[in-house]
Amino acid sequence: MPERADAYDVAIVGLGPTGATLANLLGAAGRSVLVLEREAAIFPLPRAIHFDGEVLRIFQAAGLREQALAISRPGVHGMHFVNGAGQTMLIRGGSAAAGPHGCANNYYFHQPQLEGVLREGLARFPQVHVKLRHELLGVTQDGEAATVTYGSLESGQRHTARARYVVGCDGARSPVRQAIGSNMVDLGLRQPWLVFDVVLQQPVDLPPYTVQYCDPRRPMTYCNVVGERRRWEIMVLPDDDRDALVRPDRLWTLVAPWVRPEQARLERAAIYTFQSVVAEGWRDRRLFLAGDACHQTPPFLGQGMCAGIRDASNLAWKLDAVLAGRASDALLDTYESERKPHVRALIELAVRLGNIIQTTDPALAAERDAKFEAGRPEVFELPPQLLGQGAFDPTVPDLAGRPFPQPQLDDGRLLDELLGRRGAVIGSAQVLSAASAATASRWQRSGAMVIDRPDASLQAWLRSHDAAAVILRPDRYIVGVARSGADLDRISQYLPVAP
Ligand SMILES: Cc1cc2nc3c(=O)[nH]c(=O)nc-3n(C[C@H](O)[C@H](O)[C@H](O)COP(=O)(O)OP(=O)(O)OC[C@H]3O[C@@H](n4cnc5c(N)ncnc54)[C@H](O)[C@@H]3O)c2cc1C
């Protein structure tokens, strides 16, 4: 609990999915948190519908795996890219089978429902104070802490609170980003799209998979969301009358080949400008940015919210380690250096896909179609994105800085259930005993769990990577891999501890 009623470990501005995930992770770590959110209700317009297996694993770390699964469905059928002639050019694969994170690789959901799960999760933590209808008015910082000034949108009353760190999860217009003064770098895609959600009222013969209709006359996306929810995203063309476009009569005309008004209830419609931007400067001493506040992507890969949730996971354990005195402040500098290259690579990939989907020039579309062999679509998976330099051994980039898988252990538990919020040192007793006393003390000071009798699944991983031992961070990214007992002292240097 805060020592003073108005003094917190962390103040979070914004209770969207990024802020709510961060508040859950910090709450679960026992941190005192103030959350400021301008709105009373969860944002009702159509937004995210897809998250990936790593994101479910982060919800698991926050103790919300079952709750998130209860409102989602696994992405079994993938995504098909179809040209104007109706031929499938490219398929992003799908499967219900457990992938590396101990769950399916992709899930579909309705963002307001997920945000509901995350908000309910916060009720578990009495030391997390959520103030809805309270707006950040200003933030300053000194050597000891930051001071946030905020106002009630009900009573007009102004308040201040102190927090050791402030995280702006305050969305695209981010007042915290403005306070930091970070610039947004534009990665080149800026295009309005109409997005609308319907709820089917009767069975309709629609594909079970997502379809990217790359028709130069009117590019659009169709998504089977969850339950009876279906989504269309329709590119806005230069001659479109935007006001007319969101009127129900026009909406139903646009989707007439697939669904009729008597078959479905229109839930919401909105025009969004899809953009591709990344902020330069995610930290200014005690102030941080996370989520849409520091990056926005066109949704063609369904990764915008996922990126914000990865930010929350990356930052949560580092803030906790520094606040607990287990690591030095320098660890917090690795947040931007690790996350920015990862998110930038995903945005650039989404922009490249966007360029395939958004082609409206018939000649260019024909050229594009010719590159794909009709009838024999190429199947692709999202390539793994790498963290930039940070808190791991840079000499083995094919392993360190990548997520460690989550196998099922011999006792039936998933690995993360055993580890909780700790890091881990995994290897046979014989290998681990080769480490120096200073290294063993480092493991202890970092709070890592030492597993010196790895079960069959962990031994199999070590064998398949020709490794004698592996060290994991609390967010399950690999710190380093030791090929021999002697190597352990070297890689343990990358495990963050206080000086
Ligand atoms: C059409 C569409 C489809 C998408 N599909 C996907 C998808 O399939 N998968 C995916 O991963 N992502 C997707 N996204 C992206 C995803 O919706 C966003 O990335 C995500 O909502 C960002 O979350 P956030 O918490 O960072 O920001 P937000 O959700 O924008 O939350 C920011 C919060 O900060 C609050 N706030 C702002 N200023 C203040 C202030 N001064 N004081 C207090 N509170 C404040 C706001 O009220 C808001 O609640 C999609 C987006 C769109 C538009």
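Start in this predicted model by selecting Gly227, which has a positive phi near 60° and belongs to the hairpin of strands S14 and S15, where four residues lie between the strands.

S14 covers residues 220-224 and pairs with S15 in the antiparallel sense, over five bridges. For one of the paired positions, select Cys223, whose bridge partner in S15 is Arg231.

Stay on S15, residues 229-235. Six of the seven residues in S15 are buried, leaving the strand mostly covered. Next select strand S12, residues 183-200, which also pairs with S15: seven bridges, again antiparallel. Here Val198 is the residue opposite Arg230 of S15.

Move to the ligand and select its surroundings. The shell holds 36 residues, with Gly14, Gly16, Gly171, Gly291 and Gly304 the closest. Elements that supply two or more residues are helix H1 (17-28), strands S2 (33-37), S3 (50-52) and S9 (134-141), and helix H8 (304-323). Colour H8 separately: with four residues, H8 gives the most to this shell. Colouring the shell by class gives 17 nonpolar, 12 polar and seven charged residues.

Finally, zoom out and colour by domain. Domain 1 is made of 7-63, 107-184 and 276-347, while domain 2 is 415-492. Their centres, taken over C-alpha atoms, are 30 Å apart. Nine residues of domain 1 and eight of domain 2 form the contact. On the domain 1 side, helix H2 (53-61) and H8 each give two or more residues. That side of domain 1 consists of four nonpolar, three polar and two charged residues.

Conventions
Residues numbered from 1 in each chain as written. Predicted model: local features only at pLDDT ≥ 70, side-chain atom pairs only at ≥ 80, totals over all residues. Near = placed C-beta within 6 Å. Nonpolar A, V, L, I, M, F, W, Y, C, P; charged D, E, K, R; others polar. Domains from an automatic or database assignment. Contact = placed C-beta atoms within 7 Å. Buried ≥ 20, exposed ≤ 12 C-beta atoms within 10 Å, placed from the backbone. Pairing = 2+ DSSP bridges.
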